[in-house]
Amino acid sequence: MGGRAAIILAAGKGTRMKSAKPKVLHEVAGRPMIDWSIELARSVGCDPIVVVVSPSQSELKAAVEAKLGPGSTAIQDEPLGTGHAVRAAQKALKDHSGVVVVLYADTPLIQTETIETLLGRAEDKGGVGVLGFEAEVPGAYGRLITSGEALDRIVEAKDATPEELAVAFCNSGVMAAGQSDLFSLLGDVTNENAKGEYYLTDIVGLAKAKGLNAHALTCDEADVMGVNSRAELAAVGHAFQTRRRERALDEGVTMAAPDTVFFSYDTVLENDVTLEPNIVFGPGVSVKSGATIRAFSYLEGAEVRAGAIVGPFARLRPGTLLEEGVRVGNFVEVKNTHMREGAKANHLSYLGDGDVGARANIGAGTIFCNYDGFFKYHTTIGSGAFVGSNSSLVAPVAIGEGAYIGSGSVITDDVTADALVIARGQKIEKDGWALSFRTRMSAKKAAGEVS
Ligand code: UD1
Ligand code: MG
């Protein structure tokens with residue numbers, strides 16, 4: 001056995017997306033579709049992975065090569081069909097002798113276990129394995145023609161007889177076969193059909209004719225939903241969210257309104273996390289057991305530990321770490337900041353590029369002034385420090401442990417531990433001034449003076 005390889009087909013035009021961006025670079029749950037298929041191939045141990053692109057897709061080629069390295073794409077000069085597209089990857093796989101799985105780059109929700117099973121069978125039984133599904137509306141899908149357990153051939157809808165069209169068992173497009181079988185069968189595929197294309201699907205009938213085994217595996221239709229339009233992109237995103245919400249509930253997450261919580265492809269939630277309604281998780285968030293995310297919060301690139309409470313209306317940006325028992329309240333934005341155990345910022349603050357010590361209290365309206373228009377600077381707050389409301393901490397700056405910053409201060413220099421600092425305009429108070437002002441002005445107005 002010579003390992004596993006994957007060919008990912010992505011040379012389609014994607015015109016129905018009406019986008020300047022290649023179709024498969026559009027995202028589902030925070031990850032481009034092409035990356036879903038690459039990660040799927042990786043998750044079953046495929047190496048190499050070759051992505052077939054068209055000559056006009058330089059942006060896609062660059063994105064794939066940035067991830068998989070040079071030589072990981074193959075160019076299909078002309079879109080002459082799926083069989084032709086797979087052949088474009090032949091040269092890149094010439095040193096591979098194991099099994100090959102063919103995936104589409106626009107079908108992001110296929111499960112790892114499904115491909116594992118398909119490849120496992122191809123390795124055990126040889127021949128050609130096809131992933132099929134029972135379609136609610138078979139429409140334009142290729143039909144899997146079986147006799148009992150055995151798969152005989154695939155017929156494309158345009159080439160099918162009325163009887164064949166009545167078959168609801170459809171081709172997902174995913175196939176697995178040994179490298180040498182795949183390419184030798186493809187060598188015999190012609191374009192004598194309704195579309196004048198080289199159909200990958202023809203290799204099933206050709207395999208049978210050569211006495212090779214062909215078999216079909218069934219998965220849920222929802223797993224093989226493809227994306228050709230923005231509506232389908234939204235539908236696939238919705239299907240992902242539905243499945244992810246069910247999983248979260250299943251794993252012990254409390255959600256009062258699961259339909260209003262939006263996950264990223266990589267959101268990590270432990271059991272006994274509580275999620276209030278209307279929360280969005282961008283990529284890179286993990287929330288530990290016992291933490292609560294309150295309503296209308298937006299989190300990305302953040303770790304929230306046990307007992308922390310975030311929101312309502314909080315924004316956590318990349319590089320945020322909230323340790324045990326931290327509170328981040330309404331209209332607080334935290335970016336690249338480590339808040340240590342029990343620290344609090346409950347209202348209306350911006351904490352960017354900082355380190356907030358344990359149990360420190362950040363008053364309402366505090367701003368970490370981290371940017372001078374050119375560079376970013378760091379703010380450090382010692383444990384137990386108290387920052388009064390409406391303070392501006394002009395970074396780089398460090399507030400010592402237990403120090404106390406008077407409200408409304410602008411702090412530009414470091415503050416020593418346990419000191420009190422007040423840095424604001426001095427108060428001036430004039431006894432009776434307001435009363436005499438009002439008396440004088442009312443008299444002027446009554447006398448008919450204009451100003
Ligand atoms: C294909 C299958 C059909 C299956 C359906 C599932 C064939 C002949 N038919 O039909 O049985 O039910 O998918 O969605 O395989 N592509 C290229 N180069 C080409 C043509 C296609 O890279 O020359 C890529 C496309 O980008 C796409 C995939 O292959 O990712 C499928 O192509 P598409 O034209 O959508 O095939 P269908 O006609 O839908
Ligand atoms: Mg299609």
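Domain 1 and domain 2 bury about 290 Å² between them, with 69% of that on carbon and sulfur atoms; buried area is the accessible area (1.4 Å probe) that two parts lose on being put together, summed over both. The model is predicted, so local features need pLDDT of at least 70 and side-chain atom pairs pLDDT 80 or more, while totals for chains, interfaces and linings use all residues. Residues are numbered from 1 along each chain as its sequence is written, chains are lettered from A and ligands numbered from 1 in the order written, and side-chain values use heavy atoms, without hydrogens or water.

**The two domains**

Select 4-224 for domain 1 and 248-421 for domain 2; these bounds come from an automatic or database domain assignment. Their centres, taken over C-alpha atoms, are 46 Å apart. Four residues from domain 1 and four from domain 2 make the contact (heavy atoms within 4.5 Å).

**The interface**

Next select A29, G30 and R31 in domain 1, which lose the most area to domain 2, together 90% of what that side buries. Two residue pairs across the interface are in polar contact, both at pLDDT 80 or more. A polar contact is a pair of N or O atoms within 3.5 Å; within protein, one must be able to donate a hydrogen and the other to accept it, and residues adjacent in sequence count only if both atoms are side-chain atoms.

**The sheet**

Now show the open sheet of ten strands, paired in parallel in the order β12-β15-β18-β21-β24-β26-β28-β31-β34-β36. Strands are DSSP E runs of at least two residues, numbered from the N terminus, and two strands pair if DSSP finds at least two bridges between them. Select 254-255 (β12) and 420-421 (β36): these edge strands each have a single partner, so one side of each lacks a neighbour in the sheet. Finish at β18 (292-293) and β21 (309-310), parallel strands joined by two bridges. I293 stands opposite V310 in β21.

Key
Helix = DSSP H or I, 4+ residues; strand = E, 2+ residues; numbered from the N terminus.
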